[in-house]
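Hi,

Here is the structure I promised to pass on.

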Amino acid sequence: MQILQDKNIVLGITGGIAAYKTPELVRRLKDHGANIRVVMTQGAKAFITPLTLQAVSGNAVADSLLDTQAELAMGHIELAKWADLILIAPTTADVIAKISCGLANDLLSTLCLATAAPIAIAPAMNQQMWHAAPTQDNIKTLTRRGVAIWGPGAGEQACGDIGLGRMLDVDDLVELTCNFFSTTLKQSLKGQHWILTAGPTREAIDPVRYISNHSSGKMGYAIAKAAQSAGAKVTIISGPVTIEAPSNCTIIKVNSALEMHQQSLEQAASADVFIACAAVADYRVADISKQKIKKSSDTLQLNLIKNPDIVADIAAMTNKPFTVGFAAETQDMSQYALGKLQKKNLDMIAANDVAKTGQGFNSDNNALTIFNQRDGQVSKIEIPLASKQVVANQLVTIIADNL
Ligand code: C5P
């Protein structure tokens, strides 16, 4: 299951320079499973061609209210009913004014009047136009009516001005769309306690040195944020990380694998879900030196002992929580992940290929292959490359669907 699977999105494109970003937006929303039908204003066609949008969306582009052929195929009322969301990106000041007044003098504005679906707009215009009193009044009106206003962002504008008025990045719009559809989950995690391990562990060698790894904690913290905003009480048992903790989550800070193990076993007794996101050091130093080790010899041998497998110990509990592991692999990802799913007796494992650039360790993006084990049957779900927060939202939805 993908987070936007079977979701019908009408993407309205209006006449702003940011229209050139919309083919990528369509492609990314489709990657998450959405069906997209594009509606363009006349102004939009000055910036990007309908043929491009037709090619990426896989559907005919609608651009006229009074087109007999288009009305025969999917008329404007049918299109308004088909939509689960009307997303207008970019949205010019003119279109904001039109939908705020309730005009219906072209296809897009008519759809906005004729639909019962929610509407989200991604404003894009010169900063002066954005701050202008009529635009701000129109935005207040639309907000009052429940239209979601996504952006605008700040920065350098096509006209050279600097300020608020840029259309949000495609990544942000995809994230907001995914979040929008995962709000159906909002109430369903109420009353649940989710526990996550996150970040690396540090295994002391002496008072100043340790063995560790490159885990940033970003994936675990993003999952915590997604579960918390879906209503769960969330506890993060976190190794040392430099990122900011998500709000309204309990954080238990640990250093070593043994500390993480102890805290996990204590907390898991009350957990509904346990997600092992931490990159736990496989071994710890047998005899931690009480004093700083001096470089008196040319070689140094450290005796290492295997750390306990935290997630396997949680999965072995009687009354175990729904237990999810991660498998960061550089080769034969699926095979290793399936092996760990069985060996550690997990309910679910999320595998990621850390050999690919631009995803996994320390990156802001990730892609996951999820194997879910239920009644002896294993099913596979793919979450395509996206920001870790978007991936986390989808993972939380998938876990919630399998509880
Ligand atoms: O065996 P491997 O380290 O590849 O397994 C990865 C999964 O197991 C991750 O979910 C990780 O958090 C968890 N793990 C653990 N305790 C360990 C080692 C790994 O919980 N000592």
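To start with, in which strand is lysine 380 found? The answer is β19, residues 377–387 (helices, H or I with at least four residues, and strands, E with at least two, are DSSP runs numbered from the N terminus). Setting aside neighbours within four places in sequence, lysine 380 touches Thr369, Ile370 and Phe371, where contact means heavy atoms within 4.5 Å. Glutamate 24 is 356 residues away from lysine 380 along the chain, and their C-alpha atoms are 26 Å apart.

Before you go further, this is a predicted model, so local features need pLDDT of at least 70 and side-chain atom pairs count only at pLDDT 80 or more, while totals for chains, interfaces and linings use all residues. Residues are numbered from 1 along each chain as its sequence is written, and side-chain values use heavy atoms, with hydrogens and water left out.

Now the ligand. Around the ligand you'll find Ala276, Ala278, Val280, Pro308, Asp309, Ile310, Val311, Gly325, Phe326, Lys340 and Lys344 (a residue counts as near if one of its heavy atoms lies within 4 Å). By class, that shell has seven nonpolar, one polar and three charged residues; Ala, Val, Leu, Ile, Met, Phe, Trp, Tyr, Cys and Pro count as nonpolar, Asp, Glu, Lys and Arg as charged, and the others, Gly among them, as polar.

- the side chain of lysine 340 has an N or O atom 2.4 Å from a ligand oxygen;
- a polar side-chain atom of lysine 344 is 2.9 Å from a ligand oxygen;
- a polar backbone atom of valine 311 is 2.9 Å from a ligand oxygen.

On its own the ligand exposes 440 Å², and the protein buries 84% of that (Shrake-Rupley, 1.4 Å probe). Two elements give two or more residues each to the shell: α12 (310–315) and β16 (322–329).

Most residues other than glycine have a negative phi, and most peptide bonds are trans. Alanine 89 and proline 90 are joined by a cis peptide bond, with omega about -10°, and proline 90 is in strand β3 (residues 85–91). Another cis bond links glycine 151 and proline 152, with omega about 0°; proline 152 sits in the loop between β5 (148–149) and β6 (153–156). Aspartate 6, not a glycine, has a positive phi of about 65°, and lies in the segment before β1 (8–13).

Cheers

Technical notes:
Polar contact = N/O pair within 3.5 Å; in protein donor to acceptor, adjacent residues only side chain to side chain.
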